[in-house]
Amino acid sequence: MAVSSKGVISVVTTRVLLAVFLLQSVCDFKLPTVQADLEVGYYENTGLCSGAEVVVAAVVSAAFDADPTVTASLIRLQFHDCFVQGCDASIMENGTFTERTSPPDLTVRGYNVIDAAKAALEEFCPGSVSCADIITIAARDSIAILGGPTFPVLTGRLDGFPRGPDSPDPSDFLPGPNFTIPMATEAFAQKNLSQVDMVNLLGAHTVGVAQCRFFVDRLYNFLGTGQPDPDLDPTYGDYLRKICPDTTNSLDPSLNTNVALDFKSEFKWDLSYFTNVKQRRGLLRIDDELGTNTATSPHFTQIGSSNLLFNKEFIDSLTKMSQIGVTTDPALGNIREVCEIAIAPETISMPFQLEEEVLEAHSTF
């Protein structure tokens, strides 16, 4: 069920609205001219918007109540944002040459939730919280809602400037569902993430869905053989064929049908994904190879045997990913008023007196 950003706000509970209201007393307008490196609790520590993370959590929770599928989408949205030109909310920008119009991002969802959180924060802390940080916080909160761990996240990012025709193409960076282990390893290495990080982060497939178009070849014509993927459990393959019919028409609406990445456990952050893959019930080719490739199988098996270990490893790798290409220098980024509208540097102005006050305030950080 699609939910608009206005719809997300409308279902926020009275308790949540009270929490947001209380921010008025602590969130005066402070446009940062100098921004420090990332830190845990940046908005609390600087006083720019105390309680910002509480507001994001409230909006994500309300969105989940309206559409339980949106939390996995928010986790995926962070991955797609960070992997192109860094964790700078460039995926939120709308219009020509934008990331969200690129084929790998056409199935990305959750923009409306980020917009809703931003709108709530702009009401009480205008110009203070970046869209890039909201994406990071929302992904963390989504994991917790689905039964995963809650953990501190680094904040203090600025949003990226507008993209242009020469900006990075998502197709050149985002690993595809049919990537082999060597191909995926190379894609992660481009972002200074190790193969261990890759295995850890793909563990997020314990929640969410994928469209039939991304794996239908495994069901009918794997690698042009005219046969199903021999690594796919036959019973599981029969189940999938009832959902995803054989078609060569790329416009066939059946290809848009969503199937759980983690068989019978798409809304729960658990170890079921690892068990399913070991039983040859990995939905995507990359899932299957994680459990069978000699380079990745040992670590995959290890983290799949302990919730505690999986969560620790995942958090470590997610924290590394969340620092890819981060912008904290005001010469290279800013804070958008609306997440889908990136602001060019020449359009930002600040009264001289306000600029002096901000510089003085930030000199103590």
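## Terms and model

Helix axes here are lines fitted to C-alpha atoms over the stretch in contact, and their angles run from 0 to 180 degrees between N-to-C directions. The model is predicted. Two packed helices are described by the angle between their axes and the distance between the axes.

## Helices α9 and α15

Helix α9 spans residues 195-202, and helix α15 spans residues 307-321. Their axes come within 8 Å. They cross at roughly 110°. Angles of 65 to 115 degrees count as roughly perpendicular, so α9 is roughly perpendicular to α15. The crossing is left-handed.

From α9, the contact draws on Val196, Asp197, Asn200 and Leu201. From α15, Phe310, Glu313, Phe314, Ser317, Leu318, Lys320 and Met321 take part. Sorted by class, this contact holds 6 nonpolar, 2 polar and 3 charged residues.

## Helices α6 and α7

Helix α6 covers residues 111-124, and helix α7 covers residues 131-145. The two axes come within 10 Å and cross at roughly 120°. That angle makes α6 oblique to α7. Here the crossing is right-handed.

On the α6 side, the contact residues are Ile114, Ala117, Lys118 and Leu121. They meet Cys131, Ile134, Ile135 and Ala138 of α7. By class, the contact of α6 with α7 has 7 nonpolar residues, no polar ones and 1 charged.

The α9 and α15 pair crosses at roughly 110°, with left-handed geometry. The α6 and α7 pair crosses at roughly 120°, with right-handed geometry.

Technical notes. Residues are numbered from 1 along each chain as its sequence is written. This is a predicted model: local features need pLDDT of at least 70, side-chain atom pairs count only at pLDDT 80 or more; totals for chains, interfaces and linings use all residues. Side-chain values use heavy atoms; hydrogens and water are left out. Helices (H or I, at least four residues) and strands (E, at least two) are DSSP runs, numbered from the N terminus. Angles under 35 degrees count as roughly parallel, over 145 as roughly antiparallel, 65 to 115 as roughly perpendicular and the rest as oblique. A crossing is left-handed if the near helix is turned anticlockwise from the far one by less than a right angle, and right-handed if clockwise. Contact means heavy atoms within 4.5 Å. Ala, Val, Leu, Ile, Met, Phe, Trp, Tyr, Cys and Pro count as nonpolar, Asp, Glu, Lys and Arg as charged, and the others, Gly among them, as polar.
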